[in-house]
Amino acid sequence: MNKVRHLNESNNNDRNKDVREQILRAAKHLFAKNGYEGTTVRQICTEANVSLALVSYHFGGKENVFLEIFHTIRQFFGNMNYDLSDSLGALKSFCKEFVIFRNEERELVGILQQELVMNSPRLEMLTDVFLPSWEQLRLILQECQDKKTISFPSIDVAVNFIMGTLMYSLDIAFLNQIHSKISPEQVADLAVAFIFNGLQATKI
């Protein structure tokens with residue numbers, strides 16, 4: 001009897017996980033396409049092919065769904081750890097990893113860009129999504145500056161310029177009507193070269 005109950009509980013947990021993932025995938029797609037305000041819970045349910053009650057059951061409402069879709073980013077940036085004894089190597093790794101991640105998670109980064117441009121009231125709830133990467137980059141750049149491996153007068157400006165480069169808009173068709181075939185790795189290498197040249201780094 002206990003084995004049967006354990007099996008049923010396991011199946012229920014798997015089903016609940018699948019439903020949560022369906023809802024989150026649908027929400028991410030719709031938030032990226034329509035923005036937060038332009039997306040309703042009903043639309044999310046239709047996209048995910050689930051009932052309205054399931055969104056309430058698993059998340060409690062649209063805002064909690066919105067916050068939960070960024071778990072991947074929190075995990076990625078929360079695990080960032082670089083050897084600052086090689087400050088330029090750390091900067092190169094950070095930039096390359098960011099660009100490749102940005103390519104893999106285009107919808108998520110697009111949503112974050114929307115929130116920033118709109119100066120969204122939700123930004124305060126997303127500090128654990130935004131700030132770890134910015135703080136990590138600032139730490140790396142400060143180490144580069146202390147070791148005189150870059151020649152750039154302002155860390156604050158450098159952080160903003162670099163993050164702007166890393167959150168590029170290459171995948172926006174309106175701005176890029178001539179499509180060139182280039183891999184995410186190649187884009188990452190080009191971004192690193194661009195950034196290192198702008199910082200007047202001693203090497204790439």
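Which helix gives the most to the lining of the second largest pocket?

## The second largest pocket

The model is predicted. In this model, helix α1 gives the most to the lining of the second largest pocket, with 6 residues. Helix α1 spans residues 2-34, and helix α5 spans residues 71-78. Each of these two supplies at least two residues of the lining.

The volume of this pocket is about 220 Å³. Its lining can be listed by residue: K17, R20, E21, L24, R25, K28, E68, I69, H71, T72 and E105. Sort them by type and you get 7 charged, 2 polar and 2 nonpolar residues.

## How α8 and α9 cross

Now turn to another pair of helices. Helix α8 covers residues 127-146, and helix α9 covers residues 155-166. Their axes come within 10 Å. The crossing angle is roughly 125 degrees. The crossing of α8 past α9 is right-handed.

## Where α8 and α9 meet

Which residues of α8 take part in the meeting with α9? They are S133, W134, L137, R138, L141, Q142 and Q145. On the α9 side, the partners are I155, D156, A158, V159, N160, I162 and M163.

The residues of this contact divide into 8 nonpolar, 4 polar and 2 charged.

Conventions. Residues are numbered from 1 along each chain as its sequence is written. This is a predicted model: local features need pLDDT of at least 70, side-chain atom pairs count only at pLDDT 80 or more; totals for chains, interfaces and linings use all residues. Side-chain values use heavy atoms; hydrogens and water are left out. Axes are lines fitted to C-alpha atoms, for helices over the stretch in contact, and angles run from 0 to 180 degrees between N-to-C directions. Helices (H or I, at least four residues) and strands (E, at least two) are DSSP runs, numbered from the N terminus. A crossing is left-handed if the near helix is turned anticlockwise from the far one by less than a right angle, and right-handed if clockwise. Contact means heavy atoms within 4.5 Å. Ala, Val, Leu, Ile, Met, Phe, Trp, Tyr, Cys and Pro count as nonpolar, Asp, Glu, Lys and Arg as charged, and the others, Gly among them, as polar. On a 1 Å grid over the protein atoms alone, a cavity is a set of points where a 1.4 Å probe fits but cannot get out, and a pocket is an open set with protein on both sides within 12 Å along at least five of seven lines; lining residues have an atom within 4 Å of a point. Grid points are joined across faces, edges and corners, and a volume is the space filled by probe spheres set on the points.
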